[in-house]
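Please look through the model shown here with its aromatic rings, its charged side chains and its helix packing in mind. The report that follows takes these topics in turn.

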Amino acid sequence: MIFDTHAHYDDSKFDEDRDELLASLAEAGVGTVVNVGCDIQSSQNSLDLSRKYDFIYAALGVHPSDIACLNEETFGWLRSHLHDDKVVALGEIGLDFYWEKDEAVRDKQRYWFRRQFELAKEEGMSVIIHSREAAQETYEMLKEMMAGSDVPVVVHCYSYSPEMAADFIKLGCHIGIGGVVTFKKAKKLKEVAKDIPMDRLLLETDCPYLAPEPFRGRRNNSALIAHVVDEIAGLRGISREEIIEKTEENARKFYGIA
Ligand code: NI
């Protein structure tokens, strides 16, 4: 069944019909979802969702655009909940230089990226990376931080070149791909989805954002990954069943879910 490796079902865009929608996913072929934190509140929300629904697991972490919520106390909260039942990763963490132009704040992003990554290494947790307009620096930092460590790392919502993808894969990273791959103009991402080793591919929604064609611009949900599967099956010339089966196996290994 479909494994959505990156979703935000705690987002207010799901307030109206969250329970109904989540209850409908199994019938739509979705077997597992990891709900990912962006700040402390949404990390707590992810924990709550994972306790309420069997098929939902949680990732806890602070997104580079939300690091203002991090201090020693909230960092301590993250640390203390990493081994809660159903917490499977630290994330999403990383660098976002698209939204942040101020070099002093970018320094803070670097600081908290490193602190959170080191925490994941200490605790042996998988890591979900958010990286936007910071390809080279994300690569350099990961190269240094991943050396001598075997924590699984995914570059989520991958948005860089095929060449860069090859470099991340050499480091040992997985590549997360979602709705964007169905967009007509996403030529580089289609190339990435076609060429990366099958065992490094993870499927994701990043919902409520980034719905695939023909739902582009509307609210996304895990059932729409079917359209991403169709696209990648076409690109790689293999069956949709094979894509679903292999990416589910990849995701289970990645998150350590039996
Ligand atoms: Ni996300």
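Arg 106 counts as buried, because its relative accessibility is 16% and buried means under 20% relative accessible area, with exposed over 50% and partly exposed in between (1.4 Å probe, protein chains only). The structure is a predicted model, in which local features need pLDDT of at least 70 and side-chain atom pairs count only at pLDDT 80 or more, while totals for chains, interfaces and linings use all residues. Residues are numbered from 1 along each chain as its sequence is written, and side-chain values use heavy atoms, with hydrogens and water left out.

Arg 106 is found in helix 4, where helices (H or I, at least four residues) and strands (E, at least two) are DSSP runs numbered from the N terminus. Apart from its neighbours within four places in sequence, Arg 106 is in contact with Phe 97, Glu 100 and Lys 101, contact being heavy atoms within 4.5 Å. Its charged end sits over the ring of Phe 97, 4.3 Å from the ring centre; for this, NZ of Lys or CZ of Arg must be within 6 Å of the ring centre and within 35 degrees of the ring normal. The charged end of Arg 115 likewise sits over a ring, that of Phe 75, 4.3 Å from its centre.

Helix 3 (residues 72-81) and helix 4 (residues 103-123) pack at an angle of about 30°, with their axes 11 Å apart; axes are lines fitted to C-alpha atoms, for helices over the stretch in contact, and angles run from 0 to 180 degrees between N-to-C directions.

A search of the whole structure finds 11 aromatic pairs. Rings of Phe, Tyr and Trp (its six-membered ring) pair if their centres lie within 6.5 Å, and planes under 30 degrees apart count as stacked, over 60 as edge-to-face and the rest as tilted. Two of the pairs are set out here.

| Pair | Centre to centre | Angle between planes | Type |
|---|---|---|---|
| Tyr 53 and Phe 55 | 5.9 Å | 70° | edge-to-face |
| Tyr 158 and Phe 168 | 6.3 Å | 85° | edge-to-face |

Tyr 158 is buried, with a relative accessible area of 3%, and Phe 168 is buried at 0%.
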